[in-house]
Amino acid sequence: MPITEKMICITCPMGCSLEVTREGQTLLSVDGNTCKRGEDYARRELTDPRRMAATTVRVKDGIHPLVPVYTASAFPKPRLFELLEALRQVELEAPVAMDQIVLANALDTGIDILASREMPRSSQ
Ligand code: SF4
């Protein structure tokens with residue numbers, strides 16, 4: 001039985017309000033999208049929702065105790081809490097370079113987690 005639900009397209013800053021009709025995971029129609037990407041977004045949300053994620057990990061002997069990190073590409077949304085838990089176990093050793101791989105192939109997704117800034121050693 002078809003279901004219609006509301007969704008906000010987060011692909012660009014326009015943030016169009018979509019009205020998405022689906023049957024299970026099958027997309028039947030999309031209204032309210034200003035461009036084709038809105039339909040692509042709705043389809044992805046039904047089958048493989050993903051988000052970029054950013055958090056921090058611990059650094060030993062750095063000028064700060066934490067360094068910000070981010071996903072190299074959008075990460076499977078249902079596994080974000082699992083990812084955050086894995087990153088809580090990570091402790092880097094300073095110095096850390098910008099875009100250094102912090103966690104390679106996180107949770108076997110093929111997606112790396114990268115440092116978003118450098119972190120010098122505290123004695124440098
Ligand atoms: S439907 Fe198109 S214009 Fe609207 S938010 Fe999505 S990408 Fe932007």
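So, helix α2, residues 80-88: in this predicted model, α2 lies across β5 (54-60), β6, β9 and β10. Its direction runs at about 15° to β5.

Now, the sheet under discussion. Five strands make an open sheet, ordered β8-β5-β6-β10-β9, and the pairing is mixed. What about the edges? Those are β8 (91-93) and β9 (101-103), and each has a single partner strand, so one side of each is left without a neighbour in the sheet. From one strand to the next, the twist averages 45°.

Let's zoom in on one pair there. Strand β6, residues 66-71, runs antiparallel to β10, residues 113-115, and three bridges join them.

Okay, stepping back. The chain splits into domain 1 (3-47) and domain 2 (54-115). Their centres, taken over C-alpha atoms, are 30 Å apart.

On to the other sheet. Here we have three strands in an open sheet, β1-β2-β3, with antiparallel pairing. The edge strands are β1 (3-8) and β3 (26-31), each pairing on one side only. Ignoring direction, neighbouring strands in this sheet are turned by 30° against each other on average.

And the pairing in there? β1 and β2 (residues 17-23) run antiparallel, joined by six bridges.

Technical notes: Residues are numbered from 1 along each chain as its sequence is written. This is a predicted model: local features need pLDDT of at least 70, side-chain atom pairs count only at pLDDT 80 or more; totals for chains, interfaces and linings use all residues. Domain bounds come from an automatic or database domain assignment. Two strands pair if DSSP finds at least two bridges between them. Helices (H or I, at least four residues) and strands (E, at least two) are DSSP runs, numbered from the N terminus. Axes are lines fitted to C-alpha atoms, for helices over the stretch in contact, and angles run from 0 to 180 degrees between N-to-C directions. Two residues are in contact if their C-beta atoms, placed from the backbone, lie within 7 Å.
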